[in-house]
Amino acid sequence: MGKALIIGAGGVAGVVAHKCCQNSDVFEEICIASRTLSKCEALKDRLQGGKTKVTTAQVDADNTQELIALIEKVKPDIVINVALPYQDLTIMDACLATKVDYLDTANYEPPDTAKFEYKWQWAYKEKFKEAGITAVLGCGFDPGVTGIFSAYALKHHFDEIHSIDILDANAGDHGYPFATNFNPEINIREVTAKGRYYENGQFVETEPMEIKRVYNFPEIGEKDMYLLYHEELESLAINIPGVKRIRFFMTFSQNYLTHLKVLENVGMTSIEPIDFEGHRIVPLQFLKAVLPEPASLGPRTKGKTNIGCIFTGLKDGKEKRYYLYNVCDHQECYQEVGSQAISYTTGVPAMIGAAMVLTGKWKKPGVYNVEEFDPDPFMEELSKFGLPWQENFNPDMVE
Ligand SMILES: NC(=O)c1ccc[n+]([C@@H]2O[C@H](COP(=O)([O-])OP(=O)(O)OC[C@H]3O[C@@H](n4cnc5c(N)ncnc54)[C@H](OP(=O)(O)O)[C@@H]3O)[C@@H](O)[C@H]2O)c1
């Protein structure tokens, strides 16, 4: 049916490529293009047989002209951006110039400011509409499935949603004293930033890790979790009418937090460039270079993730609570596609989102967050492609 150009060849791209090959009726052809060609080739070698034709290419996705030339050569029906958030705008510019649909899993961040916001990408709304092309923003798990869960809850279970608590638990153990499950630079920028949640029409800021709760997660057990700002809060606050409060919590072990505190205290998480033996280096980028590659954690990680949303609101005039979540096993993911659950839970939704656009179910010219599309066909595919969801109509609430 169609052809996808996948940009990036890291942990998430590996899963997207495997899953496209499992869905070869939709993805007849994929091209994996990234900065380092050998990584694209290595990934291609891991994709065994199947009907999907796989090619590779080298591209610097910071360079719009290079991207345009690549898109013109490959002629994809959609570009799946699973490089880094820094490349979102150059890739969107290239999609505009070539009139090709676009999908990503993380919103744009300027490299020199640790601040992610949708304003830069939302500014493309009219241009995409005029060009007749669709951009799907934030189609991983969180953001991504959390927005689709919200749209699904609103469509099927509530007349009004009043609160959303997004809970992201990772009980995986990779055996390293310290490592991050996805790109360390992006991950550390996210968790060292101030916390923020939405309440009664405005965002309330907290110190980093200031708000801690304990939650007993299905299939995982009791975990400490901390309130973080996460990008889907910005779009859900607009797209879920009448919502009064949205919070995001992520679990961290004491060990992870202690390492992070020390790294922060000695300046290793800073994004301010410094001079070192005649070179300008960014401490956080140096730290990334010495930490294990997220893609290498796959074979070592044991345990499960549980990510989902607890909703409260009204249905037929009565108060209601509803918990929608997915549990994913790191080792099962590794056996299936050779990566751990964090990459898996991001890559599967990215493939499904692209399939939604290619099959016309989510074809809507403009720039949209996932909760603005019909959640039903996506929810069906989630179970089919390895992320079955579960429901609880009487969950424990987060205080
Ligand atoms: N929504 C979610 O649930 C969620 C969860 C996790 C991650 N994510 C997002 O998913 C994306 C990928 O994460 P990951 O863990 O796969 O990261 P990763 O393992 O670091 O992979 C990133 C890939 O992008 C490539 N790349 C970086 N800069 C490039 C450039 N200028 N031109 C071409 N290629 C470039 C890298 O190439 P090199 O190998 O040459 O460096 C690498 O192959 C990130 O944006 C992350 O924020 C989303």
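Between which helix and which strand does the loop that holds Lys99 lie? Lys99 is found in the loop between helix 4 (88-98) and strand 5 (101-104), where helices (H or I, at least four residues) and strands (E, at least two) are DSSP runs numbered from the N terminus. This is a predicted model, in which local features need pLDDT of at least 70, side-chain atom pairs count only at pLDDT 80 or more, and totals for chains, interfaces and linings use all residues. Residues are numbered from 1 along each chain as its sequence is written, and side-chain values use heavy atoms, with hydrogens and water left out.

**Backbone features**

- Lys99 is not a glycine, yet its phi is positive, at about 60°.
- With a relative accessible area of 55%, Lys99 is exposed (exposed means over 50%, buried under 20%, partly exposed in between, with a 1.4 Å probe and protein chains only).
- Lys75, in the loop between helix 3 (64-74) and strand 4 (78-81), also has a positive phi, near 55°.
- Lys75 counts as exposed because its relative accessibility is 59%.
- Asp142 and Pro143 are joined by a cis peptide bond with omega of about 10°; Pro143 belongs to the loop between strand 6 (134-137) and helix 7 (145-156).

**Aromatic rings**

- Rings of Phe, Tyr and Trp (its six-membered ring) pair if their centres lie within 6.5 Å; planes under 30 degrees apart count as stacked, over 60 as edge-to-face and the rest as tilted.
- The count by this rule is 20 aromatic pairs.
- Trp362 and Phe378 form a stacked pair, because their ring centres are 5.2 Å apart and their planes stand at 15°.
- Trp362 lies in the loop between helix 13 (341-358) and strand 17 (366-369), and Phe378 in helix 14 (residues 375-384), so the pair links distant parts of the chain, 16 residues apart.
- Both Trp362 and Phe378 are buried.
- Phe158, Phe311, Tyr322 and Phe393 are linked into a cluster by ring pairs.

**Ligand surroundings**

- Around the ligand there are 28 residues, of which Val12, Arg35, Thr36, Lys39 and Ala61 come nearest (a residue is near if one of its heavy atoms lies within 4 Å).
- Thr36 places a polar side-chain atom 2.4 Å from an oxygen atom of the ligand.
- A polar backbone atom of Ala61 is 2.8 Å from a nitrogen atom of the ligand.
- A backbone N or O atom of Thr105 lies 2.9 Å from a ligand nitrogen atom.
- On its own the ligand has 930 Å² of accessible area (Shrake-Rupley method, 1.4 Å probe), and the protein covers 94% of this area.

Methods:
A polar contact is a pair of N or O atoms within 3.5 Å; within protein, one must be able to donate a hydrogen and the other to accept it, and residues adjacent in sequence count only if both atoms are side-chain atoms.
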